[in-house]
Amino acid sequence: MRRHAGVVVIGGGQSGLAAGYHLRRQGLDFVILDAQPAPGGAWQHAWDSLHLFSPAALSSLPGRLMPAQPGEEYPTAGHVVAYLEDYEKRYELPVRRPVHVLGVREDGRLPQVDTDSGTWHARAVISATGTWWRPFLPAVRGREGFTGRRLRTVSYRTPQDFAGRRVIVVGGGNSGAQIAADLAYGTELTWVTRRPPRFLADDIDGRALFDAATARRRALDEGRTDTEGVAALGDIVAVPAVREARDAGLLKTSPMFVRFDREGVVWADGTRARAEAVIWCTGFRPTLSYLSPLGLRGARGRIATQGTRCLQEPRLHLLGYGDWTGPASATLIGVGRPARDAARDIATLLDAEG
């Protein structure tokens, strides 16, 4: 089946919805294709105790403040899912789901989006699929021989699944710290990080991180010294659960091990630790395999962009993948500005073509 839309947005999570809001304001014809069977993006698959880094009012998409969650200073993932579902309905965004995009290719000079339910022909494409579905897993010797459970961040749900067990959490970022804090009370926990964890000051939340990322982007654009943005502040936001476990002395770390054996892990000095589960919280990579037919990846595997616009293909915009597609663009509060810029850029392009 062949369908047509002025703009095809790939991904119906927070970035795709922000794009839809601004495309609507530009008066453009568009459709949002979402692989998930229900609204909420990756948030509907988060672990049970996950909280945002900022209060609701500072975690909002364009045009609609997130309402406060009663009894919670920082909203839960479930609250975010409800907010995104309401946002989608409020603005009557044309989301089609579940639709799996198989590839994007050129049809003449225009993009063609192949899906499991037919082909869309468009004049522009916004890729907004995020990173959740492509967790990064470091190569560690002996991994396949380990007889315990091996999980990634996307598979973790609740500490009750590991009660009384020996668990190793790998990763010194926010996911690692929050899951380690979750497991600190009811398991025999080992938290492994490549370097000592760097906690941000307790009063720093998502708004401060957004401001730091924006200031860094502005400095780089103006040719000034790199401020290092969020990295200059630390790696881990001290949300209440993390702060509580840290202050109780439950978040002590071990350096990275060098290999697995059947029953656990082994450090460089020969020290061993048995484990019944290892949870990898080692970051994510952009989910962009469906763009492979366009041949846009550079030497380091990244698609070159100016803002959100692909330099090699101006009909393609990448939205929500981190600072390289807009300051803090992978966050709720940060995606609005690059989404607005992408919609304006596309509107200008299409208007010039008539």
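Figure 1. Not counting residues up to four places away in sequence, His22 touches Pro62, Gly336, Ala339, Arg340 and Ala343, where contact means heavy atoms within 4.5 Å. With a relative accessible area of 10%, His22 is buried; buried means under 20% relative accessible area, exposed over 50% and partly exposed in between, with a 1.4 Å probe and protein chains only. The model is predicted, so local features need pLDDT of at least 70 and side-chain atom pairs count only at pLDDT 80 or more, while totals for chains, interfaces and linings use all residues. Residues are numbered from 1 along each chain as its sequence is written, and side-chain values use heavy atoms, with hydrogens and water left out.

**Figure 2. The largest nonpolar core and the contacts of Trp43**. The largest nonpolar core has 59 residues, and Val7, Trp43, Leu61, Ile126 and Ile279 are those with the most contacts inside it. Such a core is a set of buried Ala, Val, Leu, Ile, Met, Phe, Trp, Tyr and Cys residues joined through side-chain atoms within 4.5 Å. Helix α2 (residues 77–90) gives the most to this core, with 6 residues. Leaving aside neighbours within four places in sequence, Trp43 is in contact with Gln14, Leu50, Leu52, Ala77, Val80, Val81, Leu84 and Leu332. A second, separate core has 22 residues, including Val99, Ala122, Ile303 and Trp324.

**Figure 3. Packing of helices α3 and α5**. Helix α3 (residues 174–183) and helix α5 (residues 240–247) pack at an angle of about 65°, with their axes 9 Å apart. Axes are lines fitted to C-alpha atoms, for helices over the stretch in contact, and angles run from 0 to 180 degrees between N-to-C directions. Ala177, Gln178 and Ala181 of α3 meet Ala241, Val242 and Ala245 of α5. Because 9 of the 10 residues of α3 are buried, this helix is largely enclosed by the rest of the structure. The cover over the buried residues of α3 includes β8 (166–170), β9 (188–192), α5 and β14 (277–280).

**Figure 4. An open sheet of 3 strands**. The strands follow the order β11-β12-β13, with antiparallel pairing; two strands pair if DSSP finds at least two bridges between them. β11 (259–261) and β13 (272–274) stand at the edges with a single partner strand each, so one side of each is left without a neighbour in the sheet. The twist averages 25° from one strand to the next. Strand β12 (residues 264–266) is joined to β13 by 3 bridges, and the bridge partner of Val266 in β13 is Arg272.

**Figure 5. Backbone features at Pro98, Glu92 and Ala328**. Most residues other than glycine have a negative phi, and most peptide bonds are trans. A cis peptide bond joins Arg97 and Pro98, with omega about -15°; Pro98 is in the loop between β3 (95–96) and β4 (101–107). Glu92, in the loop between α2 and β3, has a positive phi near 50° and is exposed, with a relative accessible area of 64%. Ala328 also has a positive phi, about 55°, and is placed in the loop between β17 (316–318) and α6 (336–353). Ala328 is buried, with a relative accessible area of 11%.

Note on methods
Helix = DSSP H or I, 4+ residues; strand = E, 2+ residues; numbered from the N terminus.
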